Amino acid sequence: MYFISALVIFASIVEALPIAPANDGAVILRTRSPRPRIIPEPNSSLSDILSDLGINVNVEALRDAIKNDIADKLNKPKSKSGSNDNAGNITPTASNTTASTTHGPAKTPGPVQDFMDTLKLASLRQFPLRKRTDKITIAIAGLTWNPTPPSDEVAFETLNTALKLGANFWNGGELYGTPESNSLHLLNRYFTKYPENADKVVLSIKGGLKPGRLEPDGSEENIRRSVDECLRVLDGKKSIDIFECARQDPNTTVEQTVSILAQLVKEGKIKGVGLSEVDAQTVRRAAKIHPIAGVEVELSLWDTHVLEDGTAAACAELGIPLIAYSPLGRGVLTGSISKLTDIPEGDFRRLLPKYQDETLQNNLKLVHEVKKIAEKKSLTPGQIALSWLKTLSAKPGLPTIIPIPGGTTSDKVTQNTENVPELDDAELKELDRILQEHKVIGARYPQH
């Protein structure tokens, strides 16, 4: 019985990958793909497969324990409520007593139950993205990577609002700010004040850059430094559910990068491996090394390149959620930007080709068309942009899409997460027409 139960739990883990923490039954993300997320290598042993899952167990000892457990049960007489004494009275056994005081069945001690508990824990916590939600989630970069970052009071209120509205997948990074003040420092202060919220949040962190520079360093030494530094700053207040190298180092292979992160999963320093800013081929290569919890790439009406270059299709094929950053076109799809000077001095967007005056005026034609659709539905253009992504999510040939708009105030988070309906087929066709007729021009980043 216990062996069969263990196998059922194990099978559910393999089928459900990637997986996320569950809180009061509300877990956040899951690929809708029916494909299993772990494909063992040929000739893999059970120990190898369990190790890949981050489960360390002595398989031989477990096998012996199962045999002994079955033998004991076959040799023991059945009793419904306990054992009979000499007078024929039924005396509760130790396990019956335990069950009555804990309001549930007693656990069988030893390796069998330990293994089952480990599998259950893995199914809840080992991999950070499980059940899908149609809630929009949140990127917290703007709370620290900002010429004028909000106060802790405003930032904490924003984060609490996000959590209240079901946006419990938070995306931050070591690069969002300075080595002395970035997402990790803010999260330390937040979870120090609200420790009860730590288990409610699935935290994705980007790192792997050279300290204080936007330059990738995929060496094992630097990836370990980055993870250790993030953990040091968090100071045990919150675990890292997903770790992504912000950019793939051209001097190393993705196989090397993911192998290092997979080892950090085994060591218990991180719970899952994500990818950031990668193409279709890189996604496929990475997925052969270790289960990938999510692929973070830019996707919006303002930038659809991952729908055209095969990246989204690769995620769909492999059952990996696509985490869509800048789903509002870095703010332009909200209608708040009509010229370069609308962007504050010192803001990163002032450097981006799409936002320069000579290209922006062309690109705003698309935004004007989106506004017309928004007006018909009594929505903002930003809500239409998010509705488009929500409607595309898990359509045939597409992966589950998780938009992560930024938000530096409670009001912005509320607007981004509430009243974001799915669009009908006619509205999708209209947006397709707009995308074809009003091409956004300009590179995504400046040429180096």
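Predicted model: local features only at pLDDT ≥ 70, side-chain atom pairs only at ≥ 80, totals over all residues.

User: How many salt bridges does the structure hold?

Analyst: A salt bridge is a side-chain nitrogen of Lys or Arg within 4 Å of a carboxyl oxygen of Asp or Glu. The structure has 26 of them. In one, lysine 271 pairs with aspartate 241, with the closest N and O atoms 3.5 Å apart. Both sit in loops, so the pair ties together parts 30 residues apart in sequence.

User: Is lysine 271 buried or exposed?

Analyst: Buried means under 20% relative accessible area, exposed over 50%, partly exposed in between (1.4 Å probe, protein chains only). Lysine 271 is buried at 14%, and aspartate 241 is buried at 1%.

User: Which residue forms a salt bridge with glutamate 437?

Analyst: That's arginine 433, at 2.6 Å. They lie four residues apart in helix H16, about one turn; helices (H or I, at least four residues) are DSSP runs, numbered from the N terminus. Arginine 433 also bridges to glutamate 430, at 2.6 Å, N to O.

User: And what is asparagine 363 in contact with?

Analyst: Contact means heavy atoms within 4.5 Å. Leaving aside neighbours within four places in sequence, asparagine 363 touches Trp302, Lys354, Lys439, Val440 and Ile441. Asparagine 363 is buried, at 1% relative accessibility.

Notes. Residues numbered from 1 in each chain as written. Heavy atoms only, no water. Helix = DSSP H or I, 4+ residues; strand = E, 2+ residues; numbered from the N terminus.
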